[in-house]
Amino acid sequence: MIKPGIPKGTRDFGPVIVRKRNYIFQTIRETFEVFGFQPLETPAMENMSTLTGKYGEEGDKLMFKVLNNGEIFPKAQKATNTRELVAAISEKALRYDLTIPFARYVVMNQNELALPFKRYQMQPVWRADNPQRGRYREFYQCDADVVGSNSLINEIELLLIYDTVFTKLGLQGYELRINNRKILSGLAEVIGKQDLLTDITIAIDKLDKIGADGVRKELQERGLSDSDIATIEKFLAISGSSDEKLAQLSTLLQASPTGLKGIEELSFVINAGYTDFNTTPIIDVTLARGLNYYTGMIVEVKAPPTVKMGSIGGGGRYDDLTGLFGLKGISGVGISFGVDRIYDVLEELQLFPETAQQSTRVLFLNLGEASTRAAFRHLGTLRAKGIAAELFHENAKMDKQMKYADKRGIPYVVIIGESELQENMLSVKNLQTGQQEKVSADSLSSYQF
């Protein structure tokens, strides 16, 4: 006999969890829609050539590759190196995120799209990560992106989407942290190591995980001098209010036109004054987001400090992303929600409303043929009003049916016995309070369940 199981880093979701997750999805989807974003879906698999080299050295290692169909081993035997071997046995991979597939879609459909194109996408992605709390190998992302516009108003709108969604979810104490990739490029310019920008950002991005000493060691291993590292550490020590941070950055990066441009963009997003945020964005110069394609503002949402979770969302601007597929000059900016982590945060903080956990509101007890016929008439009436109702599947002992309702968390049962049928009445019992009352069969549709 085969012992049932599921792959490491994946999960089953029972009805209660799915309902809570759907509450999150619905909140995010409704917000995307009212901000004018359009829905999009792409395949679970992409060509390896589409994904490889877009996420940095570490990202490439975490891709789940899909074996080619047919006889792959004769081709594999002819391979002379690892790259040829991978190409021989795998030409496809499960998508690593939703942004690169979106860029590929834009390029393939550029003649049909009205720019700027605002899309949202809510689908699973896969990463061969080491599973742990808040980190899974299969998980959902909910992305919103705008392509075909250079306006920084898009950055403000996307930050406002984060602010709107987390406010609706009742999440307080989260942090909306922002930086600009041009500022990090400017830092590399100032120390004369533009060719090591990726190495620098990857190391900086690990600050929360490995600490300042760990970052210093990693920078040394990546070939930076003590003088270079001293400048980077001065950069990482910048603190104060948003205006104070911008002033310190301007001084440190005054020799870098790229860095000053990043400061200008960041200042606009912070100080434009177009809207008020419930949670004010915080400038975080240590925020790097190690993905190669970011070129402007970058953002990360941190869970409240009372929950040890880390990032629950992130994104940024990627001016040249479609250029990876031959379409130059199309600017883009986007954000992503980490639904699985958001679920864990809301669950720990007990923020799911009761309505997000409810399924059936009314159970009609099955007391025989006549009772069943009457129940079906009333079921149709309640369901037409949007009230979830069902009939117990068999004529069983009343105690068994009551226990079923209790186990399912169904708050009301309706009893249609012989006396109720004769009187054209229904007995409605509230299982939460224990109260039972008779109501007219004709008035059931107006009963407040």
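**Salt bridges in the predicted model**

Arg 11 and Asp 340 form a salt bridge, with their closest N and O atoms 2.3 Å apart. Arg 11 belongs to the segment before α1 (15-34), whereas Asp 340 sits in helix α14 (residues 339-348), so the pair ties together parts that are 329 residues apart in sequence. The structure described here is a predicted model. Arg 11 is partly exposed, at a relative accessible area of 24%. Asp 340 is buried, and its relative accessible area is 3%.

A salt bridge also links the side chains of Lys 182 and Glu 265, at 3.2 Å from N to O. Lys 182 lies in helix α8 (residues 181-190) and Glu 265 in helix α13 (residues 257-271), so this pair ties together parts that are 83 residues apart in sequence. Lys 182 has a relative accessible area of 15%. This value is under 20%, so Lys 182 counts as buried. Glu 265 is buried as well, with 11% relative accessibility.

Asp 319 pairs with Arg 317 in a salt bridge, and the closest N and O atoms are 3.4 Å apart. Asp 319 is partly exposed, with a relative accessible area of 27%. Arg 317 is buried, with a relative accessible area of 3%. Elsewhere, salt bridges with shared partners join Asp 199, Lys 206, Glu 218 and Arg 222 into one network.

Side chains of opposite charge can pair when their charged atoms come close. With a cut-off of 4 Å between side-chain nitrogen and carboxyl oxygen, the count comes to 23 salt bridges.

Methods: Residues numbered from 1 in each chain as written. Predicted model: local features only at pLDDT ≥ 70, side-chain atom pairs only at ≥ 80, totals over all residues. Heavy atoms only, no water. Helix = DSSP H or I, 4+ residues; strand = E, 2+ residues; numbered from the N terminus. Buried < 20%, exposed > 50% of the residue type's maximum accessible area, 1.4 Å probe, protein only.
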